[in-house]
Amino acid sequence: MSSAGAPRSLASSGQKSIQDICHPLSAEESALNPGSAGLILPNGTPVDTSSPASSSSLLNRLQLDDDLDGETRDLFVTVEDPKKHVSTMETYITYRVCTKTTRTEFDLPEYSVRRRYQDFDWLRNKLEESQPTHLIPPLPEKFVMKGVVDRFSEEFVETRRKALDKFLKRVADHPVLSFNEHFNAFLSAKDLNKRQGLALLTKMGESVKYVTGGYKLRARPAEFAAMGDYLDLFTQKMGTIDRIAQRIIKEQSEFLMELREYGPVYSSWSSFEEDLHDPLEGVSGCMSNCSSALEELTEDMSENFLPVLREYVLYIESMKNVLKKRDQVQAEYETKLEAVVFREDKKTAVPSDVEKCQDRVECFNADLKADWDRWENNKRQDFRQLLTGMADKNIQHYEKFSIIEVSMLLKLLRHPQNQKEINNIKPI
Amino acid sequence: MNNRIMLSHNNSVKIVGGINGSCFSARKTHNNAYLLKKMEISVAEAEKRTGKNAVNMQETYTVYLIETRPVDAASEGTNPALDSLWRRYSEFELLRNYLLVTYPFAVVPPLPEKRAEFVWHKLSADNMDPDFVERRRVGLENFLLRVASHPVLSSDKIFYLFLTEENGWKETVFETGFQAKADSRLKALNATFRVKNPDKRFAEMKHYGDELQSVISQLLRVRARAADRLYGVYKVHGNYGRVFSEWSAIEKEMGDGLQSAGHHMDAYAASVDDILEEEEHYADQLKEYLFYADALRYMCRKHELTQYELEMAVQDLTSKKQQQEELATGTIRTFSLKGMTSKLFGQETPEQREAKLKMLETQIEEGEEQVKERNAECDEFVKSAWVDIERFKEQKDHDLRESLISYAIMQISMCKKGIQVWNNAKECFNKM
């Protein structure tokens with residue numbers, strides 16, 4: 001889904017690129033002063049920006065799908081070149097993060113920085129903090145059991161790199177998240193640590209900073225209730241699949257143990273046979289190779305399949321939190337509105353803080369809905385990839401297996417009848 | 001080395017080195033040799049019967065239908081009716097015991113196992129289980145075919161009657177008196193004969209039998225455990241089928257792909273039953289040679305016994321000759337009770353001595369006859385046994401090689417099925 005290889009140059013004529021459309025969230029004034037931004041659709045019609053909700057959802061509609069051409073993309077990010085660093089305190093891996101962009105938010109058109117997992121984790125936390133109305137893409141699992149998985153094996157590092165690459169690309173393709181200044185810092189800052197302390201929050205960020213008010217929600221809109229229900233059921237299914245996968249790994253490992261015993265037994269048999277010595281020795285070798293093939297399959301399930309499942313479960317946890325926050329925002333609004341209505345006889349205008357609440361609710365709902373659609377799409381891709389990957393591994397395993405067996409069969413069929421006759425004639 | 005125990009010219013006993021090795025040419029195993037050339041044999045069916053046993057108690061047992069048809073008649077174009085009769089396992093055992101005793105130098109084909117051993121958990125260890133009965137049917141047919149293609153055993157009358165005479169066969173077998181010949185010493189597991197000059201070839205053969213039995217037992221044990229585990233791996237995949245189905249219910253676009261993939265996972269889980277059934281054939285083939293190893297060891301023991309009896313006869317003869325010499329020369333070289341008592345209570349009278357010498361003379365004559373006989377027996381045994389051992393070796397090498405080949409083919413077909421199922425599942429996943 002993400003662009004591979006070198007990013008293409010932007011189209012300079014023809015349709016307007018996204019950068020020409022002022023983002024309602026980055027230009028705070030325009031969000032609160034409708035009409036001043038002068039948003040115009042590519043086909044020339046003006047955009048009604050009377051409420052932030054509509055403009056953000058509009059923007060999301062204008063947002064290019066992952067699958068569409070990157071012609072109007074103006075931000076390309078890749079994660080590559082993992083390298084091991086050994087210091088006295090610790091050993092860790094860094095990845096090169098390359099950025100190519102024409103956005104004015106960036107000082108330079110290109111960046112290349114080294115980041116480690118910790119930094120990605122920092123970024124995700126910051127995004128969650130500063131963009132609480134949005135669904136932040138998942139990271140690969142933080143902790144891996146030492147001893148069970150080799151953190152520095154090529155396969156593990158490559159799997160992680162791919163997941164980190166997917167993460168950044170999803171952020172880069174997000175119409176809101178990609179403009180986040182922490183993301184900017186992550187991509188461009190030479191030394192990330194210095195930036196971590198800066199408490200730069202956009203005004204919008206402030207305006208959506210919530211205190212857990214403990215307001216009671218009257219009625220959750222159907223679509224968000226449905227999201228919540230779906231996530232619960234989905235988590236259940238993920239849990240079941242995780243358990244099944246673990247069970248398969250266990251059974252395969254135990255089968256592997258038995259398979260490993262075959263080789264030595266056939267070998268010791270061949271040691272006291274004459275004519276059957278070579279065939280039996282061949283079978284012994286074949287069994288050893290089969291063991292290796294099975295070992296690879298089992299390892300792959302542990303290292304590639306399970307982690308992705310678990311990432312999704314964590315991801316869904318964070319999504320549920322976003323849904324909760326949304327409920328909170330709505331509850332606050334409803335409560336405040338109730339209080340106002342209660343005093344309606346005073347004939348005062350709706351206070352601005354209630355209006356702000358209403359805005360927040362609508363903004364949140366719009367962001368969430370748009371992100372939900374994006375999430376559904378990504379989920380579909382992710383699972384298609386995961387499951388076809390699992391199928392592929394099994395296919396490869398059986399192919400390896402049959403190659404081993406075929407070579408053993410050929411050896412067995414090569415019956416040296418002539419040689420045998422010669423050997424059997426002994427002098428009186 | 002074949003040691004010959006010979007009587008030398010001065011009536012003393014000598015061991016001379018024998019003929020080294022034997023000359024033979026590689027012969028192919030004929031499946032259509034001997035009786036099989038004339039007759040088609042099969043164990044077609046199995047049936048449950050109930051009846052009263054020896055202690056008048058009700059019992060359930062299985063009988064097997066043996067069908068035979070003369071080959072010549074079939075080749076003439078006419079299809080004669082099959083002759084058939086029913087036999088139960090114990091009758092097969094009786095036949096085999098008869099053959100063991102009557103042809104001691106032969107490596108007698110083994111029967112399928114009496115009780116299911118080396119089973120993996122799903123496989124029943126119950127003798128009445130239909131799968132076990134079916135595998136036994138195949139094993140019994142195999143036994144008959146092996147006997148029928150044996151150069152010596154195939155022409156045995158009792159065997160022929162076993163295949164053709166349902167009634168009265170048991171009585172006929174007992175009438176041969178083979179049970180008297182059956183040496184109880186051989187049955188005793190702890191029987192050891194101290195053979196002074198063991199034949200190296202037979203000792204090696206016995207050792208080979210031990211090793212073969214040990215290694216095949218190990219192999220069968222590993223296989224049983226591996227079968228259990230493999231069963232588990234496949235069956236757990238069936239759980240994917242169920243969860244994909246449940247999951248598809250809460251999805252929109254992904255639903256169809258998941259649902260159909262789930263069906264393929266179910267198919268995958270189900271495929272293990274066939275795989276393990278085929279593997280069971282391989283295990284049965286190994287088991288046959290496990291029991292053949294036993295037959296080999298039995299034959300080597302029989303040879304030891306023959307050798308032992310010869311050595312006993314020789315020893316007996318030697319001591320008799322020694323006694324003769326002592327009596328004749330009046331010197332007592334060896335301690336004997338006779339010698340002591342004669343010293344204490346006086347010498348014998350010349351008449352008594354004469355009588356004794358005469359007796360010894362006859363005994364020595366008899367003894368020499370016996371040694372000659374036993375020598376001949378031993379020679380005969382060794383010659384025949386070694387022919388059958390070579391035949392067995394070839395058969396074993398051929399059969400085991402074939403077994404390994406069919407095992408490899410079976411594994412390859414298992415892989416093909418696996419690839420197909422996962423490809424089908426992959427197609428469904430791609431449609432998600």
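Domain bounds in these legends come from an automatic or database domain assignment. The structure is a predicted model, in which local features need pLDDT of at least 70 and side-chain atom pairs count only at pLDDT 80 or more, whereas totals for chains, interfaces and linings use all residues. Residues are numbered from 1 along each chain as its sequence is written, chains are lettered from A in the order in which they are written, and side-chain values use heavy atoms, with hydrogens and water left out.

**View 1. The two domains of chain B.** The assignment divides chain B into domain 1 (30-181) and domain 2 (183-330 + 358-431). Taken over C-alpha atoms, the centres of domain 1 of chain B and domain 2 of chain B are separated by 20 Å. The contact (heavy atoms within 4.5 Å) takes 25 residues from domain 1 of chain B and 33 residues from domain 2 of chain B.

**View 2. Area buried between the domains of chain B.** Domain 1 of chain B and domain 2 of chain B together bury about 2,500 Å², where buried area is the accessible area (1.4 Å probe) that two parts lose on being put together, summed over both. Carbon and sulfur atoms carry 61% of this area. Val107(B), Phe118(B) and Trp120(B) supply 32% of the area that domain 1 of chain B buries against domain 2 of chain B, more than any other three residues.

**View 3. Salt bridges between the domains of chain B.** Between domain 1 of chain B and domain 2 of chain B the count is 5 salt bridges, each defined as a side-chain nitrogen of Lys or Arg within 4 Å of a carboxyl oxygen of Asp or Glu. Arg135(B) forms a salt bridge with Glu280(B), and the closest N and O atoms of this pair are 3.8 Å apart. On the side of domain 1 of chain B that touches domain 2 of chain B, the elements giving two or more residues are α3 (89-102) and α4 (130-148) of chain B, helices being DSSP runs of H or I with at least four residues and strands runs of E with at least two, numbered from the N terminus.

View 4. Asp81(A), which lies in strand β1 (residues 75-86) of chain A, has a positive phi near 50° although it is a residue other than glycine. Asp81(A) is partly exposed, with a relative accessible area of 25%; buried means under 20%, exposed over 50%, and partly exposed in between (1.4 Å probe, protein chains only). Asn56(B), likewise not a glycine, has a positive phi of about 60° and is found in the loop between β3 (39-52) and β4 (58-70) of chain B. Asn56(B) is exposed, with a relative accessible area of 56%.
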